[in-house]
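Have the viewer open while you read.

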Amino acid sequence: MTDTKYRPRRSCLYMPASNQRALEKAKTLPADTIIFDLEDAVAPDAKDEARKNACAALRSGDYGGRELVVRINAMETPWFAQDLKQACLAGADAILVPKIRNANDIIQITDLMEDLEASLDSQLWAMIEMPEAILKLAEIAALGTRKRLTTFVMGFNDLAKEMRAEQDRAIFGPVMTQAVIAARAYGLNILDSVYNDFNDPAGLEAECSEAKKSGFDGKTLIHPAQIETANRVFAPSADEIAAAEAIIAAFADPVNAGKGVIVVDGKMTELLHLKQARQLVATAQAIESLAG
Ligand code: COA
Ligand code: MG
């Protein structure tokens, strides 16, 4: 099942669902997506309370048009079954499952979701953070064409730990490219990992720019101070919109009727660029309508 209707996911803010103050604050933050975390950011003793808080937040209707996602605990944990069931029944837009390893994990989870009649609308998002998942990106992504899976979320903190590698972004370049290719091959969305140093806006901006250039839809975030940067970088810039509009206008010009390739602004421009330009303008319009 693919998520056919485009919606902006420039800024996807995690918060521990055990933190009431953060849940309250999220109602007014300009993040496209809110991710209520039940996993890494919640201590074992607080798991039940966090689940209750997340479900209450989902049911409250207080989060406007923001997309609401719950990151549940991993399949092998004692919390997984209740997390999945309760979050689906409370109407989460998506369930984000960590520590996914292979296609069979996705099949098992979607089968459980199908059994919950009330969860028909919840998407499944997969954390890509285990070495095995990197080896099996294609087989996991392929389920996007017929299951609930719509979105990959990179998790480089866990992946570095599992690889026994350092937290150095350069190491993950090849993985980012492979993950984007796998996601796009099967129509999935893909979100970049978090930037831990929330007091370093320049570092965050550099990661957002790199991710946008690489094809990512947006970035997962950990602090409200990061939202503005992600919203700005992942939105088409004024220059990009102007260039796209120039391409659309050039192909609409009667002198170019029926042509497959023309010159716009000194550059070879083909019908594929027209398609790209239309997509960019549609993205900009979707972002604008969020604000409105
Ligand atoms: N979502 C919503 N609100 C948040 C927030 C978040 N992720 N992180 C901080 N805030 C709020 C705080 O509650 C505080 O609000 P207030 O001033 O109105 O009371 C304000 O933003 C400033 O917070 P600050 O004092 O700078 O941060 P902190 O020291 O309280 O918290 C972290 C720092 C990293 C612990 C916190 O940002 C956090 O928990 N982030 C998310 C962690 C997470 O979910 N990880 C899992 C995915 S990797
Ligand atoms: Mg993790």
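1. Which atom of Ile222 lies 2.8 Å from a nitrogen atom of ligand 1? It is a backbone N or O atom, not one from the side chain. Keep in mind throughout that this is a predicted model.

2. Two further polar contacts to ligand 1 deserve a look. Tyr14 also uses its backbone: a polar atom there is 2.8 Å from a nitrogen atom of ligand 1. Lys25 uses its side chain instead, with a polar atom 3.0 Å from an oxygen atom of the ligand. As for cover, ligand 1 taken alone exposes 900 Å², and the protein buries 62% of that.

3. Now the shell as a whole. There are 14 residues around ligand 1, and those coming nearest are Tyr14, Arg21, Lys25, Ile222 and His223.

4. Where does the shell come from? Strand S1 (11–16) and helix H1 (20–25) each supply at least two of its residues. S1 gives the largest share, with four residues.

5. On to the aromatic rings. A pair of them is described by how far apart the centres are and by the angle between the planes. The count here comes to two aromatic pairs. For Phe36 and Tyr63, the centres are 5.6 Å apart and the planes stand at 75 degrees; that is over 60, so the pair is edge-to-face. This pair links distant parts of the chain, 27 residues apart: Phe36 is in strand S2 (residues 33–37), while Tyr63 is in the loop between helix H2 (47–60) and strand S3 (67–71). Are these two buried or exposed? Phe36 is buried, at a relative accessible area of 0%, and Tyr63 counts as buried too, at 3%.

6. The other pair is Phe156 with Phe172. Their ring centres are 4.3 Å apart and their planes at 5 degrees, which is under 30, so this one is stacked. Phe156 lies in helix H7 (residues 156–163) and Phe172 in the loop between H7 and helix H8 (173–185), so the pair ties together parts that are 16 residues apart in sequence. Phe156 is buried, with 3% relative accessible area, and Phe172 is buried as well, with 1%.

7. Last, the overall layout. The domain assignment gives domain 1 (11–234) and domain 2 (238–291). Taken over C-alpha atoms, the centres of domain 1 and domain 2 are separated by 32 Å.

Terms used. Residues numbered from 1 in each chain as written. Chains lettered and ligands numbered in written order. Predicted model: local features only at pLDDT ≥ 70, side-chain atom pairs only at ≥ 80, totals over all residues. Heavy atoms only, no water. Near = heavy atom within 4 Å. Polar contact = N/O pair within 3.5 Å; in protein donor to acceptor, adjacent residues only side chain to side chain. Areas by Shrake-Rupley, 256 points an atom, 1.4 Å probe, with all protein chains shown as cover. Domains from an automatic or database assignment. Phe/Tyr/Trp six-rings, centres within 6.5 Å; stacked < 30°, edge-to-face > 60°. Buried < 20%, exposed > 50% of the residue type's maximum accessible area, 1.4 Å probe, protein only.
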